[in-house]
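Hello,

Here is the structure I promised to pass on. Please open it alongside these notes.

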Amino acid sequence: MRLAALLVVATLITACGSEPALIPTFDPSVSENELSDVIESMRRGDPAAALELLDAMPADTLPEGADHYRALALMDAGRNDEARDVWEREVARHPGNGRAHAFLAEILMDEGDLAGAEEHLAAAQRFVPEFAGQALLSGQLALLKDDDVAAERLFVDYLESDPYGSEAALAHESLKQIFARRGPEHADRATYHADIAEYLREVHRYRAGYRQRLLENPEDAEAAYGIATTYLNLYYRTADGDTRLLDEGDRALQRVLEIDPEYARAIANLGSLRAQGGKYAEARALFARAVELEPDLFRAQLQLGLIDARAGSFETARAHFESAIACADGDLERTEALAKAGDELAEAFPAEALEYLRAYLALAPLDPAGLAPLAARLEQQLGG
Amino acid sequence: MSRRLLVTAAATAAALGACSPPPPAGATFRRVDDIGAALPTLRCGTPDGQDTILDVNGNGAALFDADGDGDLDLLLVDGTTRSDLVDGVPVQHHLLRNDGGLRFTDVSDEAAIVMGGWPTGVGVADIDRDGRPDLVIGAHGGDMLFFNRSTENTLRFEGEPLHASRRTPLDWTTSVALADADGDGLLDLYLVRYLELDPADPPLGALDDGTPCRFHGVDVMCGPTGLPPQPDVFLRGLDRAPWFEDATDAAGLDAVPAAYGLGVLFTDLDGDRRPDLYVANDSVDNVVLHNRGDGTFEDVSSMSGAAADMAGAPQAGMGVDTGDVDGDGDLDLVVTNFSDETHTVYRNDGALLFRDVTAAAGIARSTRPLLGWGVLLRDFDGDGHIDLFVSNGHVYAQADDPRIGSAYRQPQLLHRGRGDGRFAPSDFADTTPYPGRSVVCGDLDGDGDLDLVVLSLNEPPRLYENLTDDPARLRLLTLRHEGGEHAYGALVVAREANGRILARPLLSASSFQTSSAPAVSLACTSDLEQLEVHWPHGEVDVIDGALVRAGQHTVLAPTRGVVSSSPLLRPTP
C-alpha cells in the first residue's frame, strides 16, 4: 500500500529502461549537527523538550532529517498515532530512509497491520540491512505470524550483531518461548535463553538506574563506576570472550576517573584489564596506586602479589599476599589468597608456603585449586 | 479421554434446537439509571485524599441468587477509608434484590453482611453445603465467610472470620477464586494477596528509604514497587466447620515468589479437567500454576509465555479473564494492564503454553493509553464469537498531566470478537469517560443475554442492559454437581452444525475482585449438534444438542445430562 505508492513515485523519477528503480538511501544522521540540541534532549529522556525545540524552528530552516527525529520523539513520548503520520510523511519524502521504514513497521505491528509492517520491514532490510532493529522487528513479526522457524533465525541473527544490548534480552526471551513450545527435549535451550534474558534485564536495569543518577548528578562517581561494573560483570558472566565488553568497561572506568581520579576500585579494575591484556607493568602501577589509596582492596593486593611473585620479587609478593589475607572478606577470598600465596611462593619460601597451603586446605578440604600434592611435597621436603 | 454419551437425539430434536440467523454484529447496551433502588457510591478512600495505594483499587461485586428465587441479585462490596480502618469502623455491604424487569430493592440491612477491615474481592459458593450460596469476602485486615441463612421469608447472612487465611494483621487479599483442586468433591479456595501496607503509617510521597514516588517525572502515590509483596494463600476445603484449612505449603505454593497479586482464574487451562491457576500480578511476572491432580501445583510461569509480554517484560496485571477467542476449543487469556502497556491477549497453544498475540488481535494500539481493571471475555452480541469488555480508569489523580500521557477518567472498552482471534472496536453505551474499576456480568433481566454492572471509583456503579434480546438464539446453562453446588472449573464445548466450536468455561471468579453470574451463556448461529461438558476431575458427558434448546435456561449435572429446563424471558411481576 504505502510502500507500493512510494515505489511508483520513485520509479517515475529514476527508472531507466528495464533497470530496477534506484532509490537513494537516506541517512537522517546527516542532520545531527543542526539538530544537536534536539538529539541531546532525547538522550536525556525528555522527548517533550525535543519536540518543543523542533516546533520552535522555522519551517524553512528545518534540516532534512527533522521529521525523522520528530517521529522518534513522538514515539518516545508515547504518541504513536502522531508518530505514524510523521513516519509516513518521512518515508514519502525519503523512501530510502530504512530506519524510518523499520519504526513505521513497529507502529503498524502494534496496530495489528501485519501486512503493512511486512512491507516496511522489507524496505528496511533493503536500505539498512546492518540496522539490527529491523531484524528484531522481523522476528517479532514472524512470531505474530506463528512462524517460529523464521523467528528463531531472525533472533539468532540479531544476537550476532547485538548480543548484550538492551534489546538482546527480548531476543533471548523470544527464543526461550520458541524452544519451550518445541517440547521437553528442548527444555535445556529454553532454560539457557531464559537465564541469559533474565541476567541481561538485570544488568540493563542496574545500568539504567546508574545512568539516571548520572543524569541527575554528572559528578556521581559511584554511579559511573556502577555502569562500568555492568560491562565487566557481563563479560565474566557470559564468558564467551567478547572483548567489546571489556573495551566498553575500560571506557566507562576512564569516565569514573575523570570524575574522581582517586576512585581506588576503578583504578584496581583498570589494573585487572591491563593485566588481562598482558600489560603487567602498567597493571602493577595501577594496582599499587589503588592500594595506596585504599589498602584494604583485596583483589588489588592479591594481583600485586601475583605480579611480583611472577617477576621474582618474592619478598614484596609475600607482603602483598599477607595484606590480601588480612583484608579478605570471608572464607572464599581468604581461601583464594592462601592458595595463590602457597602456590606462588613455594620455591622461594617453602616454609611459609606450606603454612599458607595448610591453612588453605583447612578451609577448602576438597582442594578446588589442586594444591594438595604440592603441600605433600613441601611437607616431605621440609620434614627431610 | 473418557466420554459418556448420555442421551440419543430424538427425531424432532433438530428442529427444536435450530438457531436463528446470525445477528447484526456488535452488542448494544443501554445504561439503566432507574433500577428502583439507589446504586450507592461505594467507599474506597476519600475522593480528595487518594494518596496511598489502598485508596485506588476500587471495590468488588458479585451476581448470584441470594434468595433462591431463580434470578440474580447484586452484591456490592463496600470499602472504607484509612482512618475508619484504623479506628475499626465496620463496613456494611450492599445487597440489591432482583425484583425482575431490571428493578431492585435494597435489602442490605436485612442481609446484614457486615465486617471489619477494608473489604475487597468476593467469591460465591455453597461452602456449608446447605443448598444456599455463601460468600467469601477478602479484605485488608482479615477475610470473612458469610453463610447464607435465608429462609423463605427472610434474607440473612451470618459472618465468620476466615481464620485459616490469617497470616498477619496487614493481610491484604484482593481477588478470591474457588474450585475443587484435588478432586475430593469440596471447593478449595485461592486468595490473591497484594502487598504490605500499614494503614496507620503508609508511605506518603516517598518510600521508607526516602526514594520519591514518581511516574514519568510526576509525583504520585507510592507502590506497588518498593513495598513488600505478600504471598498468596491456598486453602483446602473441608466438609465441616471451619470449612477450610491452610494448604499453601502442602500444595507446593510456598515456593511461588510473593508478588503483587490482583486478578485470578481457577480453571482448567490445559484440558486435563483439573483446575489450574492463573494470577495476574501487578508490576511483576504473572503466575501460571499447573494442577498436578494430587493436591499440588507446579509453577510453570517462566516457560508458559503468559507471565510477561511478548518482549518478556512483566506488565502491571490487574484483571484477567479467559475465553475461546479464536474458536479453536481451548481457553485463551486476556490480562488488563497499566497505561503505556497493552491489555494483553495470550493465545492458548496447548500444554499450558501461551503466545502473546496482542498486536495480531488488534488491541495493542487501542489499549496502550488505558489502565484496565475488570475484563470480561463473553459473547455479548450472541454471534457465537467471544467479545471483550474492559473497564478502565487511572490510579493517579495526576494522570491528566501531559507527562503521563493518559487520563484519570477513561473510556470503557467494548471490542467485538471476530472469531478468528481478532477484535474490532465497537461502540459502547456510555461514551463519557469515568474511573472504571471492576465489572460483573450476568443475565439480570432473564432474556438470556449478558448485562453488565461496572464499578467506578468514588462514583455510583453503572448498570447496562444488553439489548441483544434474541431468546431464539440464546441459551443459559447452569452446571451443578449432585450436591447442588456449582461445578466451577467445568468447560462446555458446543459443536454447531456449521462446524463452529464454542468453548465456554464456568468460572467462580474472573475479571478483578468479582464473581459474575455462575452460568454459561451460549449463542449459536446454526443448529447445536452436540454439547460436551468437561466436568472437573470427572468425565466428559456428551449430550445431544437438540436437548439443550435455544430460549431456555438448562440445568446440567454429571451423568444425568439435562436435569431441568425453563424458558428465558421470565414474566415481570
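**Backbone points in chain B**

T559(B) counts as partly exposed, because its relative accessibility is 47% and so falls between the 20% and 50% cut-offs. T559(B) is not a glycine, yet has a positive phi of about 65°. Its place is the loop between strand 41 (552-557) and strand 42 (561-567) of chain B. Keep in mind throughout that this is a predicted model.

W243(B) also has a positive phi without being a glycine, here about 80°. Is W243(B) buried or exposed? W243(B) is buried, because a relative accessible area of 14% is under 20%. This tryptophan sits in the loop between strand 17 and strand 18 of chain B.

That loop between strand 17 (233-237) and strand 18 (244-246) also holds P242(B). The peptide bond joining A241(B) and P242(B) is cis, with omega about 10°. Another cis peptide bond runs from G223(B) to P224(B), with omega near 0°. P224(B) is in the loop between strand 16 (218-219) and strand 17 of chain B.

**Chain A against chain B**

Now the interface between the chains. In chain A, 23 residues are in contact with 20 residues of chain B. Together the two chains bury about 1,800 Å². Carbon and sulfur atoms account for 52% of that area. Which residues of chain A lose the most area to chain B? They are D110(A), L144(A) and R181(A), together 31% of what the chain A side buries.

The count of salt bridges between chain A and chain B is six. One of them pairs D146(A) with R355(B), at 3.5 Å from N to O. Nine residue pairs are in polar contact across this interface, with both residues at pLDDT 80 or more.

Several helices of chain A contribute to the side that touches chain B. Helix 5 (80-93), helix 6 (98-110), helix 8 (132-144), helix 10 (168-181) and helix 11 (187-216) each supply at least two residues. Helix 10 gives the largest share, seven residues. By class, the chain A side has eight nonpolar, five polar and ten charged residues.

**The two domains of chain A**

The domain assignment gives domain 1 (1-131) and domain 2 (139-227 + 236-242). Six residues of domain 1 and five residues of domain 2 make up the contact. The two domains bury about 520 Å² between them. Of this area, 77% is on carbon and sulfur atoms. On the domain 1 side, M109(A), L114(A) and E118(A) lose the most area to domain 2. Together they make up 73% of what that side buries.

How many salt bridges does the rule find across the domain interface? There is one. K145(A) and E118(A) form a salt bridge, their closest N and O atoms being 2.8 Å apart. E118(A) is also among the residues named above for lost area. The rule finds one residue pair in polar contact between the domains, both residues at pLDDT 80 or more.

Helix 7 (residues 114-127) supplies the largest share of the domain 1 side, four residues. That side has four nonpolar residues, two charged residues and no polar residues.

Best wishes

Notes: Residues are numbered from 1 along each chain as its sequence is written. Chains are lettered from A and ligands numbered from 1 in the order in which they are written. This is a predicted model: local features need pLDDT of at least 70, side-chain atom pairs count only at pLDDT 80 or more; totals for chains, interfaces and linings use all residues. Side-chain values use heavy atoms; hydrogens and water are left out. Domain bounds come from an automatic or database domain assignment. Contact means heavy atoms within 4.5 Å. Buried area is the accessible area (1.4 Å probe) that two parts lose on being put together, summed over both. A salt bridge is a side-chain nitrogen of Lys or Arg within 4 Å of a carboxyl oxygen of Asp or Glu. A polar contact is a pair of N or O atoms within 3.5 Å; within protein, one must be able to donate a hydrogen and the other to accept it, and residues adjacent in sequence count only if both atoms are side-chain atoms. Ala, Val, Leu, Ile, Met, Phe, Trp, Tyr, Cys and Pro count as nonpolar, Asp, Glu, Lys and Arg as charged, and the others, Gly among them, as polar. Buried means under 20% relative accessible area, exposed over 50%, partly exposed in between (1.4 Å probe, protein chains only).
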